[in-house]
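This report describes the chain shown below.

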Amino acid sequence: NGDVIVTLLPANTKFPWVTPAIFRPELVPEELMAQGLTLTVEEYVHAMETLVNDYRFTMYNICYKRILVCWILFAFTVLLTLLFSGLQGVALFSLGVGWLFLNAAAIFLCMWVKLRLARGLEKCLARVNKQLIKHKILLVLDDRGRISCHKVNLCFLYFDSGPCVSFLNEFLEHTEQNGGEAIKAGWERKLDIDLNDIVIQGSTPVRVSRKQEQAGQLFLRYASRWGREAIRGLVDVTPLEPGRHCGQFQCPCQYIKDHLQCKPRGYPCSCVAYGSNPQFRDPY
């Protein structure tokens with residue numbers, strides 16, 4: 001678990017600092033067809049087409065590394081224009097102060113847009129990994145560029161998600177059993193997954209709960225984030241906390257559990273609640 005099967009590089013080679021990375025679904029790596037893997041050519045092509053045709057992947061590929069750089073270049077152009085415009089005194093000072101405030105606001109806006117792009121990409125990869133996970137394969141995007149998006153690499157990891165999903169299911173059940181109604185409501189908002197009940201229309205509408213899919217959807221939601229950090233060596237195991245289902249990295253279920261316990265949105269003081277109250281300590 002956690003081993004890299006193959007890494008895909010962009011197919012385009014012309015003007016790599018200008019053009020976004022392009023991946024061709026019809027080019028199938030022979031490593032993914034190796035003996036012991038159950039992925040077929042048709043399933044690989046379908047998964048890659050799902051990725052490259054998703055607008056969230058396209059927007060990330062084009063804008064993520066470029067949006068902040070483009071604004072900084074534009075801001076410095078405006079600054080130089082002001083300095084050599086011939087203005088003096090109060091007028092130049094006022095425009096300079098206005099430029100500072102505008103530049104700071106624009107940088108915060110760029111960072112917010114980058115955050116939205118990253119979250120959109122994670123949900124896009126969750127949609128793709130839903131097709132690959134049954135073959136014990138995870139797709140992770142590793143952006144190794146500084147300015148150019150051309151250094152976007154697609155890494156295919158081998159990972160059996162069964163034990164992790166089982167652990168997450170037990171963890172979620174334990175959390176709900178030991179929490180009140182207010183805690184449950186806050187906990188559901190923290191999961192950041194969409195699991196609305198299925199309503200079958202008819203003379204007597206029937207509502208089918210999808211709660212049993214909660215752990216699997218949660219694993220898919222954060223698997224790409226875990227994989228990116230694992231490839232970069234940011235989730236290495238420690239003597240105090242060895243990997244539960246992954247020898248070389250912290251396990252995704254450990255990563256997700258720690259993330260949820262310290263996620264503040266809609267759940268005040270979650271780290272303190274889980275760390276100080278014995279009934280919320282991890283029994284596993």
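## Surface and overall make-up

The protein chain has an accessible surface of about 15,900 Å², and 62% of this surface belongs to carbon and sulfur atoms. Accessible areas come from the Shrake-Rupley method with a 1.4 Å probe, and for residues only the protein chains shown count as cover. The model is predicted: local features need pLDDT of at least 70 and side-chain atom pairs count only at pLDDT 80 or more, while totals for chains, interfaces and linings use all residues. Residues are numbered from 1 along each chain as its sequence is written, and side-chain values use heavy atoms, with hydrogens and water left out.

Nine helices and five strands make up the elements of the protein chain; helices (H or I, at least four residues) and strands (E, at least two) are DSSP runs, numbered from the N terminus. Their order from the N terminus on is β-α-α-α-α-β-β-α-α-β-β-α-α-α. Of the 284 residues in the protein chain, 40% are buried. Buried here means under 20% relative accessible area, exposed over 50%, and partly exposed in between (1.4 Å probe, protein chains only). Among contacts with a separation of 6 or more, 65% are between residues 24 or more positions apart, where contact means heavy atoms within 4.5 Å.

## Strand pairing

β3 pairs with β1 in the antiparallel sense over four bridges, and seven bridges join β3 to β2, again antiparallel. Two strands count as paired if DSSP finds at least two bridges between them. F156 in β3 is the bridge partner of V6 and also of L139. I137 stands opposite Y158 in β3.

Both β2 and β3 are mostly covered: seven of the seven residues of β2 are buried, as are six of the seven residues of β3. In β2 the cover extends to both faces, with I137, L139, L141 and D143 buried on one side and L138, V140 and D142 buried on the other.

## Nonpolar cores

The largest nonpolar core has 28 residues, and F23, L51 and F156 have the most contacts inside it. Such a core is a set of buried Ala, Val, Leu, Ile, Met, Phe, Trp, Tyr and Cys residues joined through side-chain atoms within 4.5 Å. Two or more residues each come from β1 (4–8), α1 (41–52), α2 (55–63), α4 (89–132), β2 (137–143) and β3 (152–158). The largest share, seven residues, is from α4.

Beyond its neighbours within four places in sequence, L51 is in contact with F57, C124, L125, V128, L139 and L154. Apart from this core lies another, of 27 residues, which includes L138, F167, Y222 and C246.

## Helix α2

F57, Y60 and N61 are buried in α2. They lie on the same side of α2 because they cover an arc of only 95 degrees around the axis, the arc being that of the directions from the helix axis to the C-beta atoms. An α-helix has 3.6 residues a turn, so residues three or four places apart point the same way. The buried residues of α2 pack against α1, α4, β2 and β3.

At the N-terminal end, D54 caps α2, with a side-chain oxygen 2.8 Å from the backbone nitrogen of R56. I62 also lies in helix α2, but counts as partly exposed, at 38% relative accessibility. The C-alpha atoms of I62 and V18 are 9.5 Å apart, although 44 residues separate the two along the chain.

D160 is in the loop between β3 and α5 (162–177) and counts as partly exposed, at 27% relative accessibility. A polar atom of its side chain lies 3.3 Å from the backbone nitrogen of G162. A polar contact is a pair of N or O atoms within 3.5 Å; within protein, one must be able to donate a hydrogen and the other to accept it, and residues adjacent in sequence count only if both atoms are side-chain atoms. Leaving aside neighbours within four places in sequence, D160 is in contact with N1 and K136. The C-alpha atoms of D160 and I133, 27 residues apart along the chain, are separated by 7.7 Å.

K136 is in the loop between α4 and β2 and is partly exposed, at 34% relative accessibility. Phi of K136 is positive, near 60 degrees. Most residues other than glycine have a negative phi.
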